[in-house]
Amino acid sequence: MYTKPFSALLFGKSDHDSILLLPAYRQKLKQETPVLRSVQRWSDQSDSTLQDCFEHVDWAMFRTASDNNIDVYADSVSEFISKCISDVVPIATIKTFPNLKPWNDGSIRAKLKAQTTAFNQGKATGNMTEYKQCSYSRHKAIKQAKRQYRDKVESQFNGSDTRGMWQGLHSITDYKKKTSPVADHDVLLPDELNNFFARFEDNTVPPTRPATKTCGLTFTAANMSKTFKRVNPCKAAGPDGIPGRVLRACADQLAGVFTDIFNQSLSQSAVPTCFKRATIVPVSKKAKVTELNDYRPVALTSVIMKCFERLVKDHITSILPDTLDPLQFAYRPNRSTDDAIAITLHTALTHLDKRNTYVRMLFIDYSSAFNTIVPSKLIIKLKTLGLDPALYNWVLDFLTGRPQVVRVGNNTSTLLILNTGAPQGCVLSPLLYSLFTHDCVAKHASNSIIKFADDTTVVSLITNNDEMAYREEVRALGVWCQENNLSLNVNKTKEIIMDFRKQQRVHPPIHIDGTVVEKVERFKFLGVHITDKLKWSTHTDSVVKKAQQRLFNLRRLKKFWLVSKNTNFYRCTIESILSGRITTWYGNCSAHNRKALQRVVRTAQRITGGKLPALQDTYTTRCHRKAKKIIKDNNHPSHCLFTPLSSRRRGQYRCIKAGTKRLKNSFYLKAIRLLNSHH
C-alpha cells in the first residue's frame, strides 16, 4: 500500500516521467507501543530459601491465635505465605518491544550499550580499537544466543509433551495469540457479566446446616504432600496469590499446616472463605461476541483449595457404588466419549435391524448447567447416596456463600456472594453435577438417556409408529428439569430421526414447553458428526479438513530441519485428529472416505520421511484394546455384550446376529470378531 504518487524530476534527457511511490505503512516498532509487564524472578535459590523459611516456622501459633476460627486460621496462614513469597522472590518490570527478537537477552543488550559507548569514545579520540573488540564480542554473543535458542526450540519436540511442541511451533512460526475482543476501556462490562452469570441466583436465605457429628474423614500429611507435588506449576495462581510452584517446591514443609486446616474444616463442616473466593475470567465461545451469553464463566480459584477438592473427590468416588448411573460416561474410570457414542449407535442399529422400526434421538442442551445447581437439593441426593452427614454439610458450605468477581483486562467488577451453582474450573464441580443428575433416568424400557457431563441424549426406539413412550419420556424430562432448577435451551436442542423404511411417513414434531424442537439431518454429538442416514462423509470431510490444516505446521518443521522430531508432532497433533473416536465410525466408512483419510497419512509420511501406521491398523488395534478393557470391567454397560462361549472354546465370544451391513460393521460386532480371530 502506498501514499498518493507524484511526479519526480526527469533523469537527464529522458522523455519518460518518473513517479515516486512512498510506502504508506509504518514500522512495526512504531505501530505498537512497548508493553510493560511485572514478573516474578524465580530461581532455584528462591525455592531453597522458601523451604528453609517454612521449615523453621512455628505453625501452631497460627492455630492458637485463631481461637478455633477456621476463617482466621486459613487467612493468617495464606497471608503469611504470600508475604514470604513477596519478600523472597523479586519482582522485575520488563519492557517488551514488538520487534524484540526472542534470543535478545540482557547480556546482549549490555554488549550493545558497551559497543555504543566505545564508538562514541573512539570517535572523540580517533582510536577505534576498543569499538572493534566490542563489536566482535557482540556478534559472537548473538551467534551463541541464536544457537542456544535453536537448541531450546528443538528440545521442545523431544518426547510426547504436546504443550512443549505447540510452544516450539509458535516460536518457529512467530505465532501471535489473538487478542480478546473485550477492550480494557469497557469499564461497565465486568459488572454486567457478573450479574449475568449470577442470573440463576436464588435470593432466599441459604439453608442452615443441621448439627451433626464430627466427620470421620481425615487426611494425613503424606496425602497432602503427595497432592501438592502433583500440582502443575504452570497454572495461574488464584485470588490468594499463592502459585502452584510454591506448593510443589515446599510440599513437605507446608503439608503439616494445611493438613491441620483441612481436617479442621472437615470436622466443622465449614470451608474457609478465602478458599471459596473465585475470580471469573470470561472466555468467548465465538470468534465474534454479540451478547453476554457468548462468554463462558471460567473460575480462577485457589490452588490450595483445588488440592483439597481433589482429596475429597477421591474419597467420594471411592464410596459411591459402581452401578450408580451406568449411562453417565463422564468423570468415571474406563469410560469415555467413545463408550457413549458406541452405546448410542449400537442401541439404534440393533433396533433398526428389526421390521417397521425407526429411532428418534433428542440432543438436549441446558443453559449454564453448572450454574443452576441448587445446593439444598444436591444435599438431599447426597444423603440418599449414603454420604456422611458431616461431609455433605461440608459440600453445602462449599457451594454457598461464595465471593465472586469478574475480571476483564485491568477492570474488576464489584463483589457478589453466590449461593447457587458450582463454579466452572473447580475440581469438585463435575462430580457434583453428575451426582446431581444421577436420578435423571429413562422411565420406559424402549428409551435410554445417555449422558456425558451435561450433554444429554434421549434415544427412543419406536416400533409400529407408537411414539407414546417417547413423548411421555420427553414430558417427564421437562418436569424433572423444572423440579431440579435446570433450564432447557429449546432453541439449541435438536432432534434426528433415523428411518430406513421404504415407505416414508411424516413424523409429527416434538414439543418442549410449547416450542417445537428443530429436526436436523446431522448433529455433532460428542465430537462426531452423526447423520440421519448414518453416513460418515460429513464427519470424515471435517476430520480431513482439520488434519490438512495441521500439515502446514508439519511442513514448517521440515523447513527448520526438525525432521527427526516430525513423527512425534504427527502423532500428537495430526494422528490424534484422524483417529479421534475412530472405533465408533471407521467401520462403516465408505471406501472413498477411507482413501481420503489415508491420503492425509501418506502426505504426512512424505513430509516426515518415516513410516507411519495406516489408519486401518490403528482402528484394528484400538478396537481390540477397547474390547479387552470392557471385558475386564464387570460394571461397564457394554460388558454384557461380550458373552463367552463354552469352556471347550475358551477365549471365544458369542457373535451378535446382524441383518444389515451397518450393524455388522459397528464397533461391538467388529470387536467380537477380532477377539475370536486373535484367539
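The legends below describe close-up views of a predicted model.

**View 1. Packing of helix H24 against helix H26.** Helix H24, which covers residues 615-632, packs against helix H26, residues 667-678, at an angle of about 90 degrees, and the axes of the two helices are 9 Å apart. Because angles of 65 to 115 degrees count as roughly perpendicular, H24 is described as roughly perpendicular to H26. On the H24 side, the contact is made by Tyr 619, Thr 620, Cys 623, His 624, Lys 626, Ala 627, Lys 628, Ile 630 and Ile 631, which meet Phe 667, Tyr 668, Lys 670, Ala 671, Leu 674, Leu 675 and His 678 of H26. Sorted by class, the residues of this contact comprise 10 nonpolar, three polar and three charged.

**View 2. The second largest pocket and its lining.** The volume of the second largest pocket is about 960 Å³. Its lining consists of 40 residues, of which Lys 285, Arg 296, Asp 365, Tyr 366 and Asp 454 are the closest to the pocket centre. Two or more lining residues are given by each of helix H8 (189-197), strand S6 (295-301), strand S7 (357-364), helix H17 (429-436), strand S12 (455-463) and strand S17 (522-525), and the largest share, four residues, comes from S6. In terms of class, the lining is made up of 18 nonpolar, 11 polar and 11 charged residues.

View 3. Asn 334 is found in the loop that runs between helix H13 (303-319) and helix H14 (337-352). With a relative accessible area of 27%, Asn 334 is partly exposed, since that class holds the values between the 20% limit for buried and the 50% limit for exposed residues. When residues up to four places away in sequence are not counted, Asn 334 touches Asp 339, Lys 626, Lys 629, Ile 630, Asp 633 and His 636.

View 4. Ser 367 lies in the loop between strand S7 and helix H15, the latter formed by residues 375-384. The relative accessibility of Ser 367 is 18%, so this residue counts as buried, the limit for that class being under 20%. Once neighbours within four places in sequence are left aside, the residues in contact with Ser 367 are Phe 200, Thr 372, Ser 487 and Asn 489.

Note on methods: Residues are numbered from 1 along each chain as its sequence is written. This is a predicted model: local features need pLDDT of at least 70, side-chain atom pairs count only at pLDDT 80 or more; totals for chains, interfaces and linings use all residues. Side-chain values use heavy atoms; hydrogens and water are left out. Axes are lines fitted to C-alpha atoms, for helices over the stretch in contact, and angles run from 0 to 180 degrees between N-to-C directions. Angles under 35 degrees count as roughly parallel, over 145 as roughly antiparallel, 65 to 115 as roughly perpendicular and the rest as oblique. Contact means heavy atoms within 4.5 Å. Ala, Val, Leu, Ile, Met, Phe, Trp, Tyr, Cys and Pro count as nonpolar, Asp, Glu, Lys and Arg as charged, and the others, Gly among them, as polar. On a 1 Å grid over the protein atoms alone, a cavity is a set of points where a 1.4 Å probe fits but cannot get out, and a pocket is an open set with protein on both sides within 12 Å along at least five of seven lines; lining residues have an atom within 4 Å of a point. Grid points are joined across faces, edges and corners, and a volume is the space filled by probe spheres set on the points. Buried means under 20% relative accessible area, exposed over 50%, partly exposed in between (1.4 Å probe, protein chains only).
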